[in-house]
Amino acid sequence: MDNLDDDKIKFLEQKANLIRQTIIEALIEAKSGHTAGPLGMADIFTLLFFHVLRHDPQNPLWEDRDRLVLSNGHICPVLYATMAYAGYVSVDEFKQTLRKFGTKFQGHPHREFFPALENSSGPLGSGLSQTVGMALADRMDSGRSSQRFFFCLMSDGEMNAGNTWEGAMLAGKEKLHNIIAVADRNNIQIDGFTEDIMPLEPLADKWRAWNWHVIEANGHDFEDMNNAIHEAKAVFEKPSMIIAHTIPGKGVAEFERKFEWHGKPPNKEEGERALKELRSLGGKIKGGYHQD
Amino acid sequence: MLNSEAKLNPKVFDLDVEQVPIRKGFGEGLLAAGEIDERVVGLCADLTESTQMHLFKNRFPNRFVEIGVAEQNLATVASGMAAMGKIPFITSYATFSPGRNWEQIRTTICFNDRPVKIAGSHAGISVGPDGGTHQAVEDIALTRVIPNMVVISPCDAIEAKKATLAMAKTKEPTYIRLAREKTPVITTEATPFEIGKAQIFYNCDGKPEVGIIATGALVHKALVAARQLENEGVKVKVLNLATIKPIDTETIISIARESGAIVSVEEHQVNGGMGSAVAEVLVKNCPVPQEFIGVQDKFGQSGLPAELLKHYGMEVEDIVKAVKEVIRRK
């Protein structure tokens, strides 16, 4: 995997910004959906689809592709938007039809409507185990030198669910080194801050105790995340967990760090303000929204 | 008389009829399916011998995954393996799978449309001494309500083996219901089996007065009841409804039209079970009186299988009584 040079980082920053704008536009049009998680994960999805994953948007079911399982299905707007920019589907179609009748872009991912998805999801806590099943099947077929990697993108909130830890235990037991889980450590869930609802800390120690290799990274720093993935790929005999520290609602000051934005969309005015902020790069560009 | 076309075990009414647990037929079927298709893999939640998956495990250790006591993981790991082209069979007791992991089965297997095959052992109250926690009498209802799911409830070990081989060849998520105890062998190798096809096992001369529709191990009780009724001059037919979903609408309507009255027989809650599935067909197409033999909205308890079947009203005499009652209601 390539290191990131300055040009590539700039490219990723611009792509992530576009993806954030598109998510906001789609949410305004849909009038329902989740805001904080998708914005918070936009940088990580951009890095994965535009730098890390071995995949072919023209041939989504290519056998040798890396698999990306989205466990916390409610942040699907960021998956849909990133896949659209990567060339799987039309960006306009996503913006216009998210959550509408007959759409590929169901409120939570539904493979029947969008076969390029690896899995349907929404009910929390089940994605890691599906990833473990995929990696186990791959090992049966390709042995331990398999070239495929199995990414599971998950939330911190869903670590409340026992199913998550059942999957973690099995992956540790089977030493599935080509699993790279990325946890969106944004510290919020629907009812409030994670440490108030059901404390997860010491989180890294928990995963280490299940025999995982744990890396903590800044989920908004492309270089840091890329290095973490590098390290995860280099580890043998253990699955890797990247605890990606992110800011929920990242990119729009009004939404950042507020659990209230977990499960609601911006209305037209809030959305327009957010778009101005993103388009002006937070006021850095002349004529931008931000005055400070 | 026994339907000759079904080629049933001629010793089915003998006191010394061979008795084999239905789950054993599953274990043999899975082993055979594994020989035929290398995509078949086995996953178990710490009940490998009990669910008869040990036959497969011993033969194909590299295609077996021990999940431990984690039924939600059992279902979701299997979904992931199916996504990579495997045909996973998962086994546990039916109270735990599809009981404890129902939502994972719904979302990651059925909604996701992955060909995972779920075997629930220790179904019915005749599990016996283990008591009510381990007696699954809700599993048919739990599985048949999920879209994309196929539900099979074989009547004996031979049918279980055929069903297991058949379900290994299909793309649909499938549930197979297995019983723990030894029960009489009703069918033979020559008995036809096809997913979705119900079969007349007991016939009568001319028009039947009642159609008995039975599933699982209680098919044997239904046959014994039918013979007793025939001796008393009451004409009945017995239909073995091995596939509960997709249900054999045509055969069910035909037996209801002929007889004008139905008794359903299952070792399951009458709420939402096989009898309910039959009633859904009949109310729409051919409404006739129906009596429901099964567990009447109660939990099970410890006891010998025979004691429990008597206590909960699923013995031969209960079927005979229900037949007479449904005739009265005609």
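Student: Where does Met140(A) lie, in which helix of chain A?

Tutor: Met140(A) sits in helix α6 of chain A. Keep in mind that this is a predicted model.

Student: How many residues does each chain put into the contact?

Tutor: Chain A puts in 23 residues, and chain B puts in 23 residues. On the side of chain A that touches chain B, α6 (127-142) and α7 (162-173) each supply at least two residues. α6(A) gives the most, with ten residues. By class, that side of chain A has seven nonpolar, eleven polar and five charged residues.

Student: Now for α10(A). How do you know that the span of helix α10 agrees with what its 13 residues should give?

Tutor: At 1.5 Å a residue, the 13 residues of α10 (residues 222-234) of chain A should span 18 Å. The end C-alpha atoms are 18 Å apart, so the two agree.

Student: Which residues of α10(A) are buried?

Tutor: Phe222(A), Met225(A), Asn226(A), Ala228(A), Ile229(A) and Ala232(A) are.

Student: What puts them on the same side of α10(A)?

Tutor: They cover an arc of only 155° around the axis, and that puts them on the same side of α10(A). An α-helix has 3.6 residues a turn, so residues three or four places apart point the same way.

Student: What do these buried residues pack against?

Tutor: Their partners in chain A are α1 (6-30), α3 (42-52), β3 (179-185), β6 (213-218) and β7 (240-245).

Student: Over to chain B: which domains does the domain assignment give?

Tutor: Domain 1 (4-8 + 193-328) and domain 2 (19-183). Their C-alpha centres lie 25 Å apart.

Student: How many residues of domain 1 of chain B are in contact with domain 2 of chain B?

Tutor: 32 residues of domain 1 of chain B contact 31 residues of domain 2 of chain B. Elements giving two or more residues to the domain 1 side include α7 (219-231), β13 (262-269) and α9 (274-285) of chain B. That side divides into 16 nonpolar, 14 polar and two charged residues.

How values were computed
Residues are numbered from 1 along each chain as its sequence is written. Chains are lettered from A and ligands numbered from 1 in the order in which they are written. This is a predicted model: local features need pLDDT of at least 70, side-chain atom pairs count only at pLDDT 80 or more; totals for chains, interfaces and linings use all residues. Helices (H or I, at least four residues) and strands (E, at least two) are DSSP runs, numbered from the N terminus. The expected span of a helix is 1.5 Å times one less than its number of residues. A residue is buried if 20 or more other C-beta atoms lie within 10 Å of its own, exposed if 12 or fewer, and partly exposed in between; C-beta atoms are placed from the backbone. The arc is that of the directions from the helix axis to the C-beta atoms. Two residues are in contact if their C-beta atoms, placed from the backbone, lie within 7 Å. Ala, Val, Leu, Ile, Met, Phe, Trp, Tyr, Cys and Pro count as nonpolar, Asp, Glu, Lys and Arg as charged, and the others, Gly among them, as polar. Domain bounds come from an automatic or database domain assignment.
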